[in-house]
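Please open the model in your viewer and keep the sequence panel beside it. The stops below go from the whole chain to single residues.

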Amino acid sequence: MDTFVYAHGDLHGLISMGLRLNEEVQGVASAPVGPDAEAARVILSVWMTRGIRVKFVL
């Protein structure tokens, strides 16, 4: 319940500052969707791979 109240308050704060949620959603919905070479590249940190030998391919 607390997180809902915080999110709801934040949303109304953004709306009061001029955010137009419908226009934001339309902009995201019209964005092209597909595999992006830069977005598909994953680099794991040493901390995440401790004890595991991993080859990094870039």
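The tour starts with the chain as a whole and then turns to selections along it.

Begin with everything selected and coloured by confidence, since this is a predicted model; the mean pLDDT of the chain is 78, and 67% of its residues reach 70 or more. In cartoon view the chain shows three helices and zero strands, so that the order from the N terminus on reads α-α-α.

Next select α1, residues 2-16, which among the elements of the chain has the highest mean pLDDT, at 93. A distance drawn between its end C-alpha atoms comes to 21 Å, which agrees with the 21 Å that its 15 residues should span at 1.5 Å a residue. Moving on just past α1, select G18, where phi is positive, at about 110°.

Now go back to the segment before α1, where M1 lies; M1 counts as exposed because its relative accessibility is 77%, and exposed means over 50%.

Finish at helix α3, residues 37-40, whose mean pLDDT of 64 is the lowest among the elements of the chain. Where pLDDT is low, the predicted coordinates should not be read in detail.

Terms used:
Residues are numbered from 1 along each chain as its sequence is written. This is a predicted model: local features need pLDDT of at least 70, side-chain atom pairs count only at pLDDT 80 or more; totals for chains, interfaces and linings use all residues. Side-chain values use heavy atoms; hydrogens and water are left out. Helices (H or I, at least four residues) and strands (E, at least two) are DSSP runs, numbered from the N terminus. Buried means under 20% relative accessible area, exposed over 50%, partly exposed in between (1.4 Å probe, protein chains only). pLDDT is the predictor's confidence in each residue, from 0 to 100. The expected span of a helix is 1.5 Å times one less than its number of residues.
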